[in-house]
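Let's take a walk through this fold, from its charged pairs to its greasy middle and back out again. Have the sequence and the 3D view open side by side.

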Amino acid sequence: MALNARLDHRNPLVFDTHELGRRPGAQQRLTREIDAPKDLGIQGVVGVPEGAPVKLVLRLESVMEGVLVTGTARAQAEGECVRCLEPLELELEADFQEMFSYPDADDRGRVKAEPADDAEEDEDRLFLEDGLFDLEPVLRDAVVLALPMQPVCQDDCPGLCSECGARLADDPDHHHDATDIRWAALQGLAGSLGDGEKDEMSGAEAEAGVDEKQEK
């Protein structure tokens, strides 16, 4: 990954490692509460609302090749039940660990004589910039992994009625009388035959009335 560009120390997700120096084994513990950035979660499914409080608990550890960051993010996520479509809230706890490398050190912590030209080697690496690192990409990945892909309001949520869309949890006895389409066809046929027989009977009665009049 390319080096970060002009990190702003005023950004709440940018952290300073200068207190650690480059002394392997030195540690620093930090606790910080930030406002959630935009689109923190699984877009359109569940996530932490923008501006909601996110508590970060971090341990920074200096190692030969950089700074190892281990931490936990806690927040309240919001979404929609995939079964009944009702709004839901859930407690989020996302753990993460990431290495932020010194730009001038190789994988063994040795200072490189010249910057590496191998782009593939640095593709998946995160780097410190002037002793600063940006936690946002790490936080986003951790939150997505910690959230359910198909959130439900409760494990046994029965969902919605497939016929009328009623929420089944509100009416456990909800049901519709099932009609076999084969019987429905026969009932329709019987109804049409019944109508035909009524017409024939009406016609016969009318003819009988005419005959009686003629006889009189």
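A salt bridge here means a side-chain nitrogen of Lys or Arg within 4 Å of a carboxyl oxygen of Asp or Glu. With that in hand, a search of the whole structure, which is a predicted model, turns up 3 salt bridges. We'll get to each of them, but let's get our bearings before that.

The protein chain has 3 helices and 9 strands. Follow the sequence along and the elements come in the pattern β-β-β-β-β-β-β-α-β-β-α-α. Of the 216 residues in the protein chain, 32% are buried. Now look at contacts between residues at least 6 apart in sequence: 64% of them join residues at least 24 apart.

Asp 8 and Arg 10 meet through their side chains in a salt bridge, at 3.1 Å from N to O. Are these two buried or exposed? Arg 10 has a relative accessible area of 67%, so it counts as exposed.

Another bridge joins the side chains of Glu 93 and Arg 74, at 3.3 Å from N to O. This pair links distant parts of the chain, with Glu 93 in strand β7 and Arg 74 in strand β6, 19 residues apart. Glu 93 counts as partly exposed at 48% relative accessibility, and Arg 74 is partly exposed too, at 36%.

That leaves Arg 140, which bridges to Glu 136 with the closest N and O atoms 3.0 Å apart. Both residues lie in helix α2, 4 residues apart, which is about one turn of the helix. Helix α2 itself covers residues 136–146. Arg 140 is partly exposed, with a relative accessible area of 24%. What does Arg 140 touch beyond its sequence neighbourhood? Leaving out residues up to four places away in sequence, Arg 140 is in contact with Pro 37, Lys 38, Asp 39 and Leu 40. Take Leu 40 as an example: Leu 40 and Arg 140 are 100 residues apart in sequence, yet their C-alpha atoms are 6.1 Å apart in space.

Let's go inside. The largest nonpolar core has 34 residues, and those with the most contacts inside it are Val 48, Val 54, Leu 56, Val 69 and Leu 135. Strands β3 (40–42), β4 (46–48), β5, β6 (66–80) and β7 (87–101), along with helix α2, each put in at least two residues of this core. The element that gives the most is β6, with 5 residues. Zoom in on Leu 135 and you'll find it touching Leu 13, Phe 15, Leu 56, Leu 58, Val 69 and Phe 96, not counting residues up to four places away in sequence.

The structure holds 2 aromatic pairs. In one of them, the rings of Phe 15 and Phe 133 have their centres 5.5 Å apart and their planes at 15°, so this pair is stacked. Phe 15 lies in strand β1 (residues 14–16) and Phe 133 in strand β9 (residues 132–134), so the pair ties together parts that are 118 residues apart in sequence. Both partners are buried: Phe 15 has a relative accessible area of 1%, and Phe 133 has 0%. Ring pairs link Phe 15, Phe 100 and Phe 133 into a cluster.

Last stop: Ser 62, in strand β5 (residues 53–63). Why does Ser 62 count as buried? Its relative accessibility is 1%, and buried means under 20%. The side chain of Ser 62 reaches the backbone oxygen of Arg 23 at 3.2 Å. Setting aside residues up to four places away in sequence, Ser 62 touches Leu 20, Gly 21, Arg 22, Arg 23, Pro 24, Gly 25, Ala 26 and Tyr 102. Two of those contacts, Arg 22 and Tyr 102, also meet each other: the charged end of Arg 22 sits over the ring of Tyr 102, 3.7 Å from its centre.

Conventions
Residues numbered from 1 in each chain as written. Predicted model: local features only at pLDDT ≥ 70, side-chain atom pairs only at ≥ 80, totals over all residues. Heavy atoms only, no water. Buried < 20%, exposed > 50% of the residue type's maximum accessible area, 1.4 Å probe, protein only. Polar contact = N/O pair within 3.5 Å; in protein donor to acceptor, adjacent residues only side chain to side chain. Contact = heavy atoms within 4.5 Å. Core = buried A, V, L, I, M, F, W, Y, C linked by side-chain atoms within 4.5 Å. Phe/Tyr/Trp six-rings, centres within 6.5 Å; stacked < 30°, edge-to-face > 60°. Lys NZ or Arg CZ within 6 Å of the ring centre and 35° of its normal.
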